[in-house]
Protein chains: 2
Amino acid sequence: MELKKVEGINFIDGGVCASKGFKANGIHCGLAHKPLTDTEKNSQHSNNAEPAFDNTKKKNDIALILADDICNTVAVYTTNKVKGAPIQVTKNHIQNGKARAVIVNSVNANTCNADGVEKAEKMCSLVAEELGIDENDVVVASTGVIGQILPIEPIANGMKSLCEGLTYDGNARAVEAIMTTDTMPKEIAVEFELCGKKCVMGGMLKGSGMIHPNMATTLTFITTDANISSELLQRALSDVVKVTLNRVSVDGDTSTNDMVCVMASGLCGNKIIDCEDNEFENFRNALYAVMMNLARMMARDGEGATKLIECACVGAGSEKTAETVAKSVITSSLFKTAMFGEDANWGRILCAIGYSDANFDISKIDVNIGSSKGIIAVCREGSGVEFSEEKAKEILQEEEIQIYISLNEGDCSAVAWGCDLTYDYVKINGDYRS
Amino acid sequence: MELKKVEGINFIDGGVCASKGFKANGIHCGLAHKPLTDTEKNSQHSNNAEPAFDNTKKKNDIALILADDICNTVAVYTTNKVKGAPIQVTKNHIQNGKARAVIVNSVNANTCNADGVEKAEKMCSLVAEELGIDENDVVVASTGVIGQILPIEPIANGMKSLCEGLTYDGNARAVEAIMTTDTMPKEIAVEFELCGKKCVMGGMLKGSGMIHPNMATTLTFITTDANISSELLQRALSDVVKVTLNRVSVDGDTSTNDMVCVMASGLCGNKIIDCEDNEFENFRNALYAVMMNLARMMARDGEGATKLIECACVGAGSEKTAETVAKSVITSSLFKTAMFGEDANWGRILCAIGYSDANFDISKIDVNIGSSKGIIAVCREGSGVEFSEEKAKEILQEEEIQIYISLNEGDCSAVAWGCDLTYDYVKINGDYRS
């Protein structure tokens, strides 16, 4: 899919390694995907075989990012009351606003396990020992199946190789390691200017299910060589997450392990950003370009998705109203299946607007549906208007669909991103653990 | 599926016609399902053909219930801000707490149309003229596609035959007429006692998509020959809908046309119920038996569903908490697909509990999964416990699954009903209008 341009920002290659001072690596250490059945266990016992680590699936399953020196580091987390053990450990480790490394595994979420915190801390200490750094400077994250004991042995066994393989261009290996049901790696890097200095920011993200962010989403790791205080870095992240990742929904399920973590090395040499001046605006703009495009990639690659749906609500009395309306539409199962069927069943858009918890006058609402093939009016002042079903079909056959809703009441607007609901979503999730 | 027993209540046959004094009928009048494409329109124009009413689909599409005399009548309606035109008309007609007849069509929801109210009123006047009753005593409801002009001609043309065919055992023809994507008719009737008199109550309901009730749900029509004031009838309905239909979700979409309407003929001869005494309790109990079983039928026949999921949350600090938790679980797309896949992925239950807007202590939560094949513990004190995957599979292969959640914090509980999310849900909704 095409990246969406933001003024003053240039796209470059390199993902999280594009920023000065960051190495990365990813390897396959062999975390297993599902507990064995009793029969399998018995057959293993009788064979005296090793425990259940499936080494046949060779996708990378553990990633490491290492900064050359300590970085100002901040994060935002899921609002789910069930929180993954790694989140608790990471919160402790970066309460001083500093970190040096990020360790993250896929396959197993290390959540709802009695020994979860212990295992998450062990992951940090294994990294710290191998690299000779402080374990309190390590961020830890996990994603995968909830409620299965995390086997630490494959991680311990792989740690030496994971650390030895760290390079300044290892981003592709790292991004592969954080994928679960993702069908494509999701990374981005941008160049921008701060005080006349060229700065870089790069990020990687994983989807693709249990995506309905609330204060954060999914696992996202961003590096930058800009020089910015932890306080202002946190402010920029909290601002930008609200209008990017928090406006994506794949399936309405807010994950237990969501985390967005940003590390700033300061190596680009700009005067430190420590107040909300123009340079802060420039930095936040770059962060927006990175996170908005990662958000779009996540929606497009939602589990089973064939289409990216972008819903813009304009003319709202408040930004909150516009956001509520746009998110209600992209979250509706009935609307999502209609998009999969390429059926201009706009009544489902009105229905989803109607049950959203927002204030507006139904009789003023206009709705248009568009894509690169054109745009058609389907609803004016709350009632249907005649349109060509053939033209609608042509528009909806595209991979990026835009829904434009005008409430005709004010000047506020918001955009939300989602995807269609398909047979493959059901297939992927009908037996995720196997 | 089996009906669920309620003490003091006997199940009988006859649906809405089981109560004394109610006739019903349903016919196929020929409402079309989808607007013609431009090509189809052109070919019609050139042939001077009739407008697009598809007479090949012979399922009944219009139903009528007629009481022998005026009845105390009350209703509850959807909270969706986009409200079907029939709802506005019905609200006007029964604001005096009285009605004589119900006219309802499927195929077209008569919603988001500039002439919707006019058409809904026309449906009432057609009934009134044919039967020689007051049009203000007619309840009107519609269900089907939103935002397509309702053609009144087939309804006008069919009205004579619809009225002439009214009989005291016409319930089966009526219930067929209100079905849309329902795969089976949903009706029930019960006998119970009031002041030593045998009373009867019967109901019919339609599903099966856009089901996420809020203050009412779907179209449900209930008759009774009990003698009860409109005020107390409304109170009973408002109480019971909260713990029955409002606790069902098929797809999270709250419809624009939901309505539950109850008519009481008074013909069973009990002393009128006009205060909250024991007889009121007995009446409400019968209404609960009717609506709880209709709710279960609706969930079991949710679009594409292969299983009924019953989620009971106990040990909550408040009923609201228990309800919020139970509804969050049965609404989760990830949980629903796991049930379709017969996969005991209980982490998704914990995840859905965690993002529900309720208060509890995660570390106290126990979860069991059961069916007629047995019951297993999957989670204790917020962490996973070992269980047999084979036993879990055996349990989940059944058509009725129970999820038991204990918050271990108080004495309140609630039950919610849902269904699995399947390929067929996507299929049915990918091109609903065709």
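This is a predicted model: local features need pLDDT of at least 70, side-chain atom pairs count only at pLDDT 80 or more; totals for chains, interfaces and linings use all residues.
Local features need pLDDT of at least 70, side-chain atom pairs count only at pLDDT 80 or more, and totals for chains, interfaces and linings use all residues. Residues are numbered from 1 along each chain as its sequence is written, and chains are lettered from A and ligands numbered from 1 in the order in which they are written.

**View 1. An open, mixed sheet in chain B.** Six strands run in the order β13-β12-β11-β14-β10-β15. Strands are DSSP runs of E, at least two residues, numbered from the N terminus; two pair if DSSP finds at least two bridges between them. The edges are β13 (383-384) and β15 (412-419), each pairing on one side only. Inside chain B, β11 (366-371) and β14 (400-406) pair antiparallel over 5 bridges. B:N368 stands opposite B:Y404 of β14.

**View 2. Helix α2 of chain A and its cover.** Helices are DSSP runs of H or I, at least four residues. In α2 (85-93), A:A85, A:P86, A:I87, A:V89, A:T90 and A:H93 are buried (20 or more other C-beta atoms within 10 Å of the residue's own, C-beta atoms being placed from the backbone). Their cover includes β3, β4, α3, β5 and β9 of chain A.

**View 3. Helices α9 and α10 of chain B.** The axes, lines fitted to C-alpha atoms over the stretch in contact, come within 9 Å and cross at roughly 160°. The two helices are therefore roughly antiparallel (over 145 degrees, between N-to-C directions on a scale from 0 to 180). B:L334, B:F335 and B:A338 of α9 meet B:R348, B:I349 and B:A352 of α10 (C-beta atoms within 7 Å).

Technical notes. A residue is buried if 20 or more other C-beta atoms lie within 10 Å of its own, exposed if 12 or fewer, and partly exposed in between; C-beta atoms are placed from the backbone. Two residues are in contact if their C-beta atoms, placed from the backbone, lie within 7 Å. Angles under 35 degrees count as roughly parallel, over 145 as roughly antiparallel, 65 to 115 as roughly perpendicular and the rest as oblique.
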